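Reader: I would like to learn how to read a model like this one. Please take me through it feature by feature.

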Amino acid sequence: MEERNKYSFGSSFAFGTPKLLPSAPSTSAKPAIRMTTGALSTLTDVSSIERSENKPLFTFPGNIAKPASSTAAGAKDALSTVTDVSSTEKRAQTFVCIPTQPKLESQWRDMEWTEEQKTSLMKTISSYRPICHEVTQARVLLLGPVGSGKSSFVSSVQSVFNGRVTNRAMVGSSLTSFTKKLQSFHIHCQKGEDPTGLVLCDIVGLGGGEMTGLTLYDILSVIKGHVPEGHKFSPDQPVRSETVGYVKKPSLKDKIHCVAFVVDGSKILTYPKGLSTTFQQLREHISELGVHQVALLTHVDQICPETAKDVTKVYESRIIRDMMSKAGALLGMSTSYIVPVKNYSSELDLDASTDVLLLSAVDHILQYAELYFQDNTPQHTGPKIV
């Protein structure tokens, strides 16, 4: 089918130099290795890590991170991060104070904002099926800090196909992660139609305190397909082979086929510096598994007043273009992998232009999910000639 071929690429992207992955913990293993702002630099000395206090993958400090006076001081700060947010963070955030810049003369990415384009994107996404016949849906893991907009993205995408704003994935505040367990959301077409070939997987956000932190093993186990649906994450009980429902021999349909990092555009300038290290080390390990990654820059309407008034101005905004570059530096990826997104939050009615931006993000994700299937589908070479 033409829609299916749309996601075919001539060749795959290279991932870079492979690095040694941490071996899976045995049934008698002690609590899993956790990354703080010091991240994976200590993976080579497992014994010393096991003697240290368990820490989540990343914990946000109560205030914006202050520069450490020395390396030792920085390490001390990383191990003593607080779990409570400060009174400053508790105040509601609306608009980020960024100096106004003149808009660009033309869009820096081509985009059509018509109803026809929306209909075309919906048709393409609805008819998408993986090239690999072993699976019928692409599983995409949304991964990002607490409050970055992962759950809101799920609800917004489903809203487009429902034809009205709905909150399918429960959304919490920007201070704590409402999502506590692995949840897979099958994106359905309009009522009475078959589901799409897309499943968005939501898990607890990075940071947000000791009781919501993810371990490196947790994330890699989800991607490898070992974690059962509905598993509740706990820093004191990392995923292991004895975990209830643990999938010992996951098939291709159990695995994650693409990872979409989600970052809040209104917080790019205030994210702790250690988060960049965490993201980039995560990307190295995920790439080692052969899984392609993209990124969503959310809350773009909160960093650009013009885009807040008219979402079609998103690709004419210097502010958003510059913030995309900063997001690329944070994640350690080219901006060609990153797309801006405006989720539905307080709106009660759909907006065609917002729908186009959301659907374009889904289309972007599916292209890289399809690369995974191309890389992992046995090629038919025909009968052997003797």
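Author: A search of the whole structure finds four aromatic pairs. Rings of Phe, Tyr and Trp (its six-membered ring) pair if their centres lie within 6.5 Å; planes under 30 degrees apart count as stacked, over 60 as edge-to-face and the rest as tilted. This is a predicted model: local features need pLDDT of at least 70, side-chain atom pairs count only at pLDDT 80 or more, and totals for chains, interfaces and linings use all residues. Residues are numbered from 1 along each chain as its sequence is written, and side-chain values use heavy atoms, with hydrogens and water left out.

Reader: How are the rings of Trp108 and Tyr315 placed?

Author: A pair of aromatic rings is described by the distance of the centres and the angle of the planes. For Trp108 and Tyr315 the centres are 5.0 Å apart and the planes stand at 85°, so the pair is edge-to-face. The pair links distant parts of the chain, 207 residues apart. Trp108 sits in the loop between helix 4 (87-90) and helix 5 (115-126). Tyr315 sits in the loop between helix 9 (305-309) and helix 10. Helices (H or I, at least four residues) and strands (E, at least two) are DSSP runs, numbered from the N terminus.

Reader: Is Tyr315 buried or exposed?

Author: Buried means under 20% relative accessible area, exposed over 50%, partly exposed in between (1.4 Å probe, protein chains only). Tyr315 is buried, at 4%. Trp108 is partly exposed, at 24%.

Reader: What about the rings of Tyr337 and Tyr368?

Author: Their centres lie 5.6 Å apart and their planes meet at 50°, so this pair is tilted. Tyr337 is in the loop between helix 10 and strand 6 (338-340), and Tyr368 is in helix 11 (residues 352-376), 31 residues apart. Tyr368 counts as buried, with 8% relative accessibility.

Reader: Now the sheet. What is the order of its strands?

Author: Two strands pair if DSSP finds at least two bridges between them. Here six strands form an open sheet in the order 2-3-1-4-5-6, with mixed pairing. Strand 2 (183-188) and strand 6 are the edges, and each pairs on one side only.

Reader: Which strands pair with strand 5?

Author: Strand 4 (residues 258-264) pairs with strand 5 in the parallel sense over seven bridges. Val262 stands opposite Leu296 there. Strand 6 also runs parallel to strand 5, joined by three bridges. Leu297 faces Pro340 in that pairing.

Reader: Which way do the side chains of strand 5 point?

Author: In a regular strand the side chains alternate between the two faces of the sheet. In strand 5 (residues 292-298), His292, Val294, Leu296 and Thr298 point one way. Gln293, Ala295 and Leu297 point the other way.

Reader: How do helix 8 and helix 10 cross?

Author: Axes are lines fitted to C-alpha atoms, for helices over the stretch in contact, and angles run from 0 to 180 degrees between N-to-C directions. The axes of helix 8 (residues 274-288) and helix 10 (residues 318-331) come within 7 Å and cross at roughly 65°. That makes helix 8 roughly perpendicular to helix 10 (angles of 65 to 115 degrees; under 35 is roughly parallel, over 145 roughly antiparallel, the rest oblique).

Reader: Which residues of helix 8 and helix 10 meet?

Author: Contact means heavy atoms within 4.5 Å. Leu275, Ser276, Phe279, Gln280 and Arg283 in helix 8 meet Ala329, Leu330 and Leu331 in helix 10.
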